[in-house]
Amino acid sequence: MHPVSHQHHTTYVHDATACEECDLLIPATPLEVGQASCCPRCGHTLSRHLPQQELRPISYGFAALIMFVLANAFTFMSFSAKGVGQEMTFLQSITTLVDEGYLFLGAVLSLTLIGLPLVYMGSIMLVLWRVDKDLHSNALRSLGRLLCRIKPWLMVDVFLVGVLISLVKLMGMADIKMGLSFWAFVGYTVLLIKMISSLDQMWLWQRLFGPTEAREIDPEAGALESGLVGCHICGALSEVGSHSCSRCGGKLHARKPGGLNRTWALLFTSAILYIPANLYPIMDTVFLGDDSPSTILGGVVLLWAMGSYPIAAVIFFASVVVPLVKILALFWLCYMVQRGNVNSPLGKLKLYRMTEFVGRWSMIDVFVVAILAGLIRLDNLMTIYPGPAAVAFAGVVLITMVAAMSFDSRLIWDLQQGERERE
């Protein structure tokens, strides 16, 4: 199969597909510019016909790359107290962690803030630039699959919120100035978000390899009961038993491999890590030789005492409530599916969506620690070091994200189907 020739369409017809969240079969649907196709059963957005889908992502990508270079070319933040000052570049928030022996945290920041965003931007621009030219179809497939898999791990927006929280934490104790690189990073973040939101995944695969075969489907049936399986990457339908998608080459599974067992194992691991993440200090502040370790809750209490009520609330919600509620919610969903509870499938699905959406924002506290440790290095006056809880907490956030991804929401609707068949 070869890339289709370049044409400008005012109407885009997305292929017949299966909803990736509830497995309902969706017929091919024509969309005008600005319209979206949603699953009639669970409301999941399947595809959007966005304006200028080839031009806009490339434009945003080039602009974001320029901002990224500028974000690394100047001072990011500067800190001064009692006549002693310190400047920090963006990269120092990462290199300081490595210098202190926190290689895992350094690797996490390097990947989520630099490596994966650059790969994402480069892949989108290369794929769209070569869409009508001779780029090997296997290379296109590999790049397209890569785009879909790394998208949830881009965290530049979370890091930016962490910078703002760090700013509030320091304002009462020192003079803080934002350098040119900070404003470039703001631009980089906004442009990257715009780039991501200006490209529709299903449209991209259809643009690269054309529409899939027209199929006779029952729009009120599930894919599995119709002997079909929908590709989670490109949306193409294949027969049950097919090992790989004929369009994107991705592996096909009627349901995610491992069932609930993988999700259970990941949840138990994150629950164990949650304990040291909250008991041990997440950072150590050394001021005039006095060592003051601070836990996550200790930092919240300090911010509250300083009168920074909104920031204290954000940290408490993102770093204490969200990870705990996410673990408990996924435990509850796994338990309900395992015991065969068929009540309120849409309510369960909405709870699952919430856990997926909020999970990444718990990384705020890890980013705050990285920023403070990189900025405050006044040897004889004040120095901040990451604490042992920072590694445990980063582990909690990442593992719960993987746990949410490994949970198959279609199992919720399989229970409904089984109940109907028994009736």
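Biologist: Where does Gln-52 lie?
Modeller: Gln-52 sits in the loop between strand E6 (45-48) and helix H1 (55-71); helices (H or I, at least four residues) and strands (E, at least two) are DSSP runs, numbered from the N terminus. This is a predicted model, in which local features need pLDDT of at least 70 and side-chain atom pairs count only at pLDDT 80 or more, while totals for chains, interfaces and linings use all residues. Residues are numbered from 1 along each chain as its sequence is written, and side-chain values use heavy atoms, with hydrogens and water left out.

Biologist: And what is the phi of Gln-52?
Modeller: The phi of Gln-52 is near 50 degrees, a positive value in a residue other than glycine.

Biologist: Is Gln-52 buried or exposed?
Modeller: Gln-52 is exposed, at 52% relative accessible area. Buried means under 20% relative accessible area, exposed over 50%, and partly exposed in between (1.4 Å probe, protein chains only).

Biologist: What about Ser-344, where is that found?
Modeller: Ser-344 belongs to the loop between helix H10 (309-338) and helix H11 (345-358). Ser-344 is not a glycine, yet its phi is positive, about 45 degrees. With a relative accessible area of 49%, Ser-344 is partly exposed.

Biologist: Changing topic: how many disulfides are there?
Modeller: The count is zero, where a disulfide is a pair of cysteine sulfur atoms within 2.5 Å.
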